[in-house]
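Please look through the sequence and the 3D structure below before reading on.

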Amino acid sequence: MTIDWLAFVQVFVAAMIAAVLVVGFYSLGLRLLVRAGRAPVVAPVEFTDAITVITEKEARRAEKAAAKAAKRSPLTEGQRRVALVGAYGSFVVCAAAVLGGLLLILFNH
């Protein structure tokens, strides 16, 4: 049995680049989304084995704080729009990287 070490290194490097690309663009997208005044607020969900569950009062407080932060944003409306487009563009790059990886796995065997 022989191991093709060059192929192993190529796969490792490709996986590291893809992971950095996806995580980096996703975090950039979230950052731009917040700067655009659209902070993602997740509704509380009850799990049977959860240690802590957010109450509805805490969720409302978080939504109120996000709305207040959006109003205080020093960005102009045009800058917010550019940040929003950049956020969506970052998410598209993430989706394209994941889709490209899946296509490589499915059709390049």
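## The nonpolar core

The largest nonpolar core is made up of five residues, namely L33, A36, A83, L84 and A87, where a nonpolar core is a set of buried Ala, Val, Leu, Ile, Met, Phe, Trp, Tyr and Cys residues joined through side-chain atoms within 4.5 Å. Helix α3, which covers residues 77-107, supplies the largest share of this core, three residues. Buried here means under 20% relative accessible area, whereas exposed means over 50% and partly exposed lies in between (1.4 Å probe, protein chains only).

This is a predicted model, in which local features need pLDDT of at least 70 and side-chain atom pairs count only at pLDDT 80 or more, while totals for chains, interfaces and linings use all residues. Residues are numbered from 1 along each chain as its sequence is written, and side-chain values use heavy atoms, with hydrogens and water left out.

When residues up to four places away in sequence are not counted, A87 touches G29, L32 and L33, contact being defined as heavy atoms within 4.5 Å. S90, which also lies in helix α3, is buried with a relative accessible area of 4%.

Apart from its neighbours within four places in sequence, S90 is in contact with F25, L28, G29 and L32. Although S90 and L32 are 58 residues apart along the chain, their C-alpha atoms are separated by 8.9 Å.

Side chains of opposite charge can pair when their charged atoms come close. The count for this model comes to one salt bridge, a term that requires a side-chain nitrogen of Lys or Arg within 4 Å of a carboxyl oxygen of Asp or Glu. The side chains of E77 and R80 meet in a salt bridge, at 4.0 Å from N to O.

E77 and R80 are three residues apart in helix α3, so about one helical turn separates them. R80 counts as buried because its relative accessibility is 19%.

## The chain as a whole

The protein has three helices and zero strands, and its elements run α-α-α from the N terminus on; helices (H or I, at least four residues) and strands (E, at least two) are DSSP runs, numbered from the N terminus.

Of the 109 residues of the protein, 12% count as buried. Among contacts between residues at least 6 apart in sequence, 72% join residues at least 24 apart. The accessible surface comes to about 9000 Å², of which 69% belongs to carbon and sulfur atoms, with areas taken from the Shrake-Rupley method with a 1.4 Å probe and, for residues, only the protein chains shown counting as cover.
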